[in-house]
Number of protein chains: 4
Amino acid sequence: MRPSSSPSDGLFGAITSRGGAAAAVRDEAWLQAMLDAEAALARALAATGTIADGDAEAIAAACRAEDFDADAIGAAAAATGNPASPLARALRERVGGEAAAHVHRGATSQDVLDTAAMLVAHRALEPLLADLSAAAAAAAELARSHRDTPMAGRTLLQQAVPITFGLKAAGWLVALAEARDGLARVRDERLAAQLGGAAGTLSALGEDGPAVLAAYARELGLAEPTLAWHTLRGRIGELAGALGVAAGAAGKVARDVTLLAQTEVAEVVERTPGGSSAMPHKRNPVAAVATLACAEQAPGLVATLLAAQVQEHERAAGAWHAEWRPLGALLETTGSAAAWLRQGLEGLEVDPARMRANLDATGGRLGAEAVADALAPALGRTQAHELVAGIAREPGDFAAALAADPDVAARLGRARIGALLDPAAQLGGATAFADRALEAHG
Amino acid sequence: MRPSSSPSDGLFGAITSRGGAAAAVRDEAWLQAMLDAEAALARALAATGTIADGDAEAIAAACRAEDFDADAIGAAAAATGNPASPLARALRERVGGEAAAHVHRGATSQDVLDTAAMLVAHRALEPLLADLSAAAAAAAELARSHRDTPMAGRTLLQQAVPITFGLKAAGWLVALAEARDGLARVRDERLAAQLGGAAGTLSALGEDGPAVLAAYARELGLAEPTLAWHTLRGRIGELAGALGVAAGAAGKVARDVTLLAQTEVAEVVERTPGGSSAMPHKRNPVAAVATLACAEQAPGLVATLLAAQVQEHERAAGAWHAEWRPLGALLETTGSAAAWLRQGLEGLEVDPARMRANLDATGGRLGAEAVADALAPALGRTQAHELVAGIAREPGDFAAALAADPDVAARLGRARIGALLDPAAQLGGATAFADRALEAHG
Amino acid sequence: MRPSSSPSDGLFGAITSRGGAAAAVRDEAWLQAMLDAEAALARALAATGTIADGDAEAIAAACRAEDFDADAIGAAAAATGNPASPLARALRERVGGEAAAHVHRGATSQDVLDTAAMLVAHRALEPLLADLSAAAAAAAELARSHRDTPMAGRTLLQQAVPITFGLKAAGWLVALAEARDGLARVRDERLAAQLGGAAGTLSALGEDGPAVLAAYARELGLAEPTLAWHTLRGRIGELAGALGVAAGAAGKVARDVTLLAQTEVAEVVERTPGGSSAMPHKRNPVAAVATLACAEQAPGLVATLLAAQVQEHERAAGAWHAEWRPLGALLETTGSAAAWLRQGLEGLEVDPARMRANLDATGGRLGAEAVADALAPALGRTQAHELVAGIAREPGDFAAALAADPDVAARLGRARIGALLDPAAQLGGATAFADRALEAHG
Amino acid sequence: MRPSSSPSDGLFGAITSRGGAAAAVRDEAWLQAMLDAEAALARALAATGTIADGDAEAIAAACRAEDFDADAIGAAAAATGNPASPLARALRERVGGEAAAHVHRGATSQDVLDTAAMLVAHRALEPLLADLSAAAAAAAELARSHRDTPMAGRTLLQQAVPITFGLKAAGWLVALAEARDGLARVRDERLAAQLGGAAGTLSALGEDGPAVLAAYARELGLAEPTLAWHTLRGRIGELAGALGVAAGAAGKVARDVTLLAQTEVAEVVERTPGGSSAMPHKRNPVAAVATLACAEQAPGLVATLLAAQVQEHERAAGAWHAEWRPLGALLETTGSAAAWLRQGLEGLEVDPARMRANLDATGGRLGAEAVADALAPALGRTQAHELVAGIAREPGDFAAALAADPDVAARLGRARIGALLDPAAQLGGATAFADRALEAHG
């Protein structure tokens, strides 16, 4: 299992900031990403002949976050409204000499910060996608192992008809794999470099702007945008949406786990369960609970980022600055959900016997629909349904009650009733669908 | 221009429900979509040999919304929690005869409602995407017509450096076209048929489930899912995210228009402006205002749909039902934003003379950065910047003040100062970037 | 029980628009509220001597919604951006004569629409608060009836320690009553008349503005604001927040009900349960499910209304118009949640025997904490906790296992163990706290 | 001016975490608040005779955050799902001796964390409310100083009719003061102690539970709840709503400031404006921009907290844990908005001459409504409106054009026209309303 939260995550981080994404959105990571943008700019300027290679390398060599004081840069940010200009000043000082004059050349603060945001997102997505993939793989393994394990399917939290645990786990697999694929697409296609200068014209670069932009994007390994997207924030919005989908997928699986782990259901248990501060007998499904806690923080953050798309003219008066924290928080909480879910699924113990016992607890009533369907040709669907529903509502053995009913008995013998009520006979395409999922994503 | 809101949109609909999406999410459209699902199911059952072709056609022939009473079906929905079961009952009655027994066969209510939701979304996206495309085309036309029209680029609502109106409109084009492309992708790849039966196993169809599902999806023109997605709601989440991005793109453009139309800026005016109930002199940019009003309703609805992804087991106890209204409202409000924006951009009058006048209103100070850059090699960047900033802050003619400053005069002659302050010389890649946008999306 | 949704609620209204609030936010209600504002204005103008009493009464007499064509007014609204100006025009025509000139005098469209919004909210809150109160009363009745019914307290969905159902229902009571009180406070203190004229100065009324405002507010039965709040939207924000709290309270209770009604828990059942389209044996807790469905739509709408507070200058360019639909939808969905919850709680059947059986299902393990506490003085807290936890984790009879453990046996006899494991001995202040709740809110 | 963000706020904190609330929600503050809860519990147990005074004081004396390792406690939190149990363990070790056994006695983790959340909120609200009050006072001062300064009222971003800057600033005052009052009410009435033990019964305290709760609440200076609110989260919801309203009020004022500070409007400037990394001539309204950036992050966080109200049974499986970060973030971002706004308003320079110039820029057209009103008795309202609108739309001097129109000239002489177009004559109740605001909140 990959290292989760680090020892310096504070009081809540081990719960709300699990996984590698949290570290990837910290200040040090932002600082390095901003410096990477400055380095890439210098090299792009050299590649297009605007500055000398030596100057570019002198700048690039100085772009090491550990040599800068994030707090001092941050404090200076209050004057101009963002930390990119004090960083450029500090970088110029550090570079010194002639090369200093070429630091940040042609760029505006937002070029550096937006590019850094894309790099931060790209880097945070690496562990996040790995955790999502591992959680999907754990779901796939559960689907394979329990391909033929019958259990109660539940709708509106009521037992409905039999399914297999393999099908349920295959559903988890599909949700997680599709969410991962969606996020990976956004990462590959939509995370783009930003370079426009003060108002998107790259005016300081004369006619070289487009060429510098192309070289800069190549240098960074980010997509090259058609034009500067300082106030065209669809890229952020798409990323936010895909993260919200991933968080929701994780939350769905975790909700199922918490429900299956209920004392009264007890079909699964987390292998490394949490204890309780006071109750020795409890085996809390901490991983699933924490997954939900993290996942539930996502939709509000997505809404903030989507609302922030409405940005004025060539640089927004607030909506841009409103993105920084929510974007980091969204990557962090979605990453934490994925990391917790991975842990929870990798350690999930399944109790097929209990699944079977729960399935039988209604005395075969989950086969009521099958019996009604079998009676429908003779009695009419509505009448058949009502007859069987009436018998199902009475307590006691369902098979016996059916056999004792004259209207049923006239059409179905005991053996046929027994066959209809056998969960194994009611599984329909459960296995086939689970196999499809494993084939597609396993 | 396509017809916008219909005369029966009530008090607010002409403003908040413009465009074709509103009609596509109304009850009648949902009802027809549910019936289309039932018809497709019958035909899929026939195609796979489960029922006779004649029965399927008898069912399909009865699936006409105008023959059903939406209010009566809706009233009956309270008992079971959704309108699909009363509709199936009503359809059975209408079909009559032997075929009636095959209505809704193998399906569960959610199969019909989820499939209907996908059809409703697909149909609502048609006018919505057409309006987005038309708005993008209008932006492209503005970008072409004003390829060389200089105006002030504005950051933090302050004049910054010159740009062209062509570049600004090209940015609008990119935002709208990329949002449209994202939505179209979701429509084509992610809107899928739903068919799983009571708990996703299609148990009533025995081993034919997967084949019926494939035929059903083909019949509907929707994607075929790997397995039932009753509680795997990433498809809804992706659709919501893409709609939120589109609403944000429309909102960004409209915000710009309202700002450019301000009395004190007056660079654009809507050709068919709204009047005012009391103020004869006002020319309100009603289309842009309404676009913003509609766009700003999207993020909260997206958050609701993303949060609703956390659904229990095989059918959710509430979160599924929580999707119906927000999904319709989100399609409607995003569609309305697109329709208004199209109208606003197609009728936008641009005043290049006023743009030029505003650009000149600061006495050439938008060229301050260019002057400082020109002085930087000699004075050092920081000192050059501070010197020029000091001069820029004094009132009066900027060029004259620069020429009168001994530090400036020692390095730059009047002619050079004049050249540096000429907006046309500061446009950098404005035209090149606008051309790229037109090439990509025009 | 009060009438719930009307027969014309369409496909989904019986589920998502239950209760009286839905009708109170319909177009007809808005139209009447706008006319009520116009009538109140006319009477206020007469009361302050600006116009003749006869003219005021002529205007007021014409302010009947049934005489106006909402669709026609709505269609005309697209030109000016709101329906208040076409309504004023239509009202003038209807009034005719000299009095016509005094229609809408001194007012701006937003005065009429904002006042109407407050009236609509006030009127929608009446049934909403009644339903909340009735739901609270039903919870109180459950708390009284089951004052001494022991059941498992559950934390993280695991059985924890015994509580009473009385305490649980008392908690529901507190949540619902406090939410109701908060909403009632907002209604009484913060729903205010709006009257400012074009830009908040009531310029057309000269120096009479404040006096007219006071008379207008009195006439309407709404609070009198200090000044016009055209772009000061805290009132809307507070209303939204209080509705969001009420929806959350309803959702919490409903979540509990759905969990208690699970097949495997079966401690409650809704007396008028929903059936299922296909499964005769199911007794779906439709009221609780629908409550959740409605409650979960609230937070996103609240966010929209809070975000819309950021309004420009003296009238917003979009954010005001963005409030209309979400405000209605929020009142409707919260009201529907309250109406459903009332129905669900009023018809809730409780099964004390099943509660006791579930409590005993862990073989007394819910008393593990009590045993550990009793051993703590002798063994130390941590050691006592670990010892008991180890015994609890083994299957089999817990009391016997405790008695068989030498470390336990040395300190606690069988009788003491039995007493410690008796749920009745572990209830602490359950009854006292429930009584406090009944005293405060019952 | 009070100290704003500290030097250790990292890269973004000086912008997004200004003001004292940020420090009040940090881990150290949470840790101390948790320890304060433990100390209050010990003292309450002593006050009710459950434990000895000496033991209580020994515990209380150990409750100093600086003696605990937040990172270690946080790391241990992953096992149980919250940091309160490892903290209790660490506190027991630190206290030692007999008293150690009484640490955390009767409480559950959530008691300590919820109480800490309330203390954290209470303490964060102190600087937040102080900043809101100071911002309101600055608005009041502006309202007083510019009581008679005419300016253009603007609706839909178009000049509408004259107002005074005093009235605009008075509106800001009202919004800020009402938001502050709402928040103060929540602080005083709704921030409550939490003490319920494992499932709300305080079972370990036998019959002493209610008495201990009362003493505990007194000790903490928090409200005493009727019963444990472990899963009744209306208090959090109300706090969130009030914070969202306050953020919106700050955002509204800041939006106005950014609009007034536009280059083309230039009616205000921030006295300590931000520079720009590259543009020497710009005077960015950084405080207003940062206020908006902070305010716009609030609604999404409010939605998260409202959605998290739906909590299961006696302790939620995720929704509780989902509150911690958003609650802190919401206090922080709202506090930061208030701190920035205070700075912005305290340093706001107003330019009455420019206000007058902008007012005159339409050649008196803001008086068009007054002229139309004056003509209405003779011409009919609609005709008068259309006549004047037509004249207003023509370029050139408005007064002259009116006088030249025969229909106007027949009714109004030049002097009357001049009087009607005089802004000072059109101010209506501007001053009276501003005075009311100052009286109510100044």
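In this predicted model, Arg154(D) sits opposite Gln159(D), a residue of strand S2(D). That pairing belongs to an antiparallel arrangement in which strand S1 of chain D, residues 150-155, is joined to S2(D) by five bridges. The two strands make a hairpin with two residues between them. If you look into the turn, you will find Leu156(D) with a positive phi of about 55°. Strand S2 of chain D, residues 158-164, is mostly covered, with seven of its seven residues buried.

From here, let's turn to the contact between chain C and chain D. Each chain brings 79 residues to this contact. The area buried between chain C and chain D comes to about 6500 Å², and carbon and sulfur atoms give 65% of it. On the chain C side, Thr226(C), His313(C) and Phe433(C) supply 11% of the area buried against chain D, more than any other three residues.

Glu178(D) forms a salt bridge with Arg190(C), where the closest N and O atoms are 2.9 Å apart. Several elements of chain C give two or more residues to the side that touches chain D, among them strand S1 (150-155), strand S2 (158-164) and helix H8 (165-190). The largest share of that side comes from H10(C), with 14 residues. Sorted by class, the side of chain C that touches chain D has 38 nonpolar, 22 polar and 19 charged residues.

Now move across to chain A and chain B. Here 79 residues of chain A are in contact with 79 residues of chain B. About 6500 Å² is buried between these two chains, with 65% coming from carbon and sulfur atoms. In chain A, the residues that lose the most area to chain B are Thr226(A), His313(A) and Phe433(A), together 11% of what that side buries.

The interface of chain A and chain B has 10 salt bridges. One of them links Glu178(A) to Arg190(B), with the closest N and O atoms 2.9 Å apart. Polar contacts between chain A and chain B number 32 residue pairs, both residues being at pLDDT 80 or more. Elements supplying at least two residues to the side of chain A that touches chain B include helix H9 (209-220), helix H10 (234-260) and helix H20 (430-441). H10(A) gives the most to that side, 14 residues.

Methods:
Residues are numbered from 1 along each chain as its sequence is written. Chains are lettered from A and ligands numbered from 1 in the order in which they are written. This is a predicted model: local features need pLDDT of at least 70, side-chain atom pairs count only at pLDDT 80 or more; totals for chains, interfaces and linings use all residues. Side-chain values use heavy atoms; hydrogens and water are left out. Buried means under 20% relative accessible area, exposed over 50%, partly exposed in between (1.4 Å probe, protein chains only). Helices (H or I, at least four residues) and strands (E, at least two) are DSSP runs, numbered from the N terminus. Two strands pair if DSSP finds at least two bridges between them. Contact means heavy atoms within 4.5 Å. Buried area is the accessible area (1.4 Å probe) that two parts lose on being put together, summed over both. A salt bridge is a side-chain nitrogen of Lys or Arg within 4 Å of a carboxyl oxygen of Asp or Glu. A polar contact is a pair of N or O atoms within 3.5 Å; within protein, one must be able to donate a hydrogen and the other to accept it, and residues adjacent in sequence count only if both atoms are side-chain atoms. Ala, Val, Leu, Ile, Met, Phe, Trp, Tyr, Cys and Pro count as nonpolar, Asp, Glu, Lys and Arg as charged, and the others, Gly among them, as polar.
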